[in-house]
Amino acid sequence: CMAIFSAFLERQGYAVQVLNSWEIYADAEALMAHDLIVQSVTMSEITRDQRKGLLTAVESGVGFAGWHGGIADAFRNSASYNFMVGGQFVGHPGGVIDFDVRVDRPEDPVMAGLADFRVRTEQYYMHVDPRNEVLASTVFTGEHMPWVAGVEMPLVWKRTWGEGRVFVSAFGHQAAEF
């Protein structure tokens, strides 16, 4: 998925640098030399210095974006990271299933050209910040966990963190979703 996203950004005229480590997160100054950090790190641990550098860079105005577990299930050990992101993955009842997606803000430039749709992927259940600006969401039917029937769940959102902008998409389990 990173190759798909990197190529997309390059076609839009961005200079892209791909790193296979998040050690740079400890260096806020190095991060601040970038306009956007696109993260794809799943179920890992972030150190205190890495967390501080990343949050400082985003707060200063660097954009931060990602998809699926690469952003929403990245650093479970860090409440402040999850606070910045605006949510954290907690489960996907039923695994890969068919479900409906509602485009909540079709007028938003991020959602341009999109309308409600049906998709086959993991339906993410997340703990989310009510301050998120929800762009797309889903409603759990309860078929796989009756106790979540009717729960409306954000799937795509944006938010601010200081001067920085944060974008999260729960989609991205498979490259075809892009």
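Start with the lining of the second largest pocket: its residues divide into 16 nonpolar, seven polar and one charged. (Ala, Val, Leu, Ile, Met, Phe, Trp, Tyr, Cys and Pro count as nonpolar, Asp, Glu, Lys and Arg as charged, and the others, Gly among them, as polar.) Bear in mind that this is a predicted model, where local features need pLDDT of at least 70, side-chain atom pairs count only at pLDDT 80 or more, and totals for chains, interfaces and linings use all residues. Residues are numbered from 1 along each chain as its sequence is written, and side-chain values use heavy atoms, with hydrogens and water left out.

Select Gln 17, Val 18, Leu 36, Ile 37 and Val 38: of the 24 lining residues, these lie nearest the centre of the second largest pocket. H1 and S1 are the elements that give two or more residues to this lining. (Helices, H or I of at least four residues, and strands, E of at least two, are DSSP runs numbered from the N terminus.) The space here comes to about 660 Å³.

A pocket is an open set of points on a 1 Å grid over the protein atoms alone, with protein on both sides within 12 Å along at least five of seven lines; a cavity is a set where a 1.4 Å probe fits but cannot get out; lining residues have an atom within 4 Å of a point. Grid points are joined across faces, edges and corners, and a volume is the space filled by probe spheres set on the points.

Next, pick Phe 5, Phe 8, Val 110, Phe 167 and Ser 169, which lie nearest the centre of the largest pocket. This pocket holds about 1,200 Å³, and its lining has 22 nonpolar, five polar and six charged residues.

Where is the cavity? Show Pro 93, Gln 123, Phe 140, Thr 141, Gly 142, Glu 143, His 144 and Met 145, which line the largest one. Its volume is about 40 Å³.

S4 pairs antiparallel with S5 over six bridges (pairing takes at least two DSSP bridges), and Ile 97 sits opposite Thr 121.

Finish at strand S3 (residues 87-91): four of its five residues are buried, so S3 is largely enclosed by the rest of the structure.

Methods: Buried < 20%, exposed > 50% of the residue type's maximum accessible area, 1.4 Å probe, protein only.
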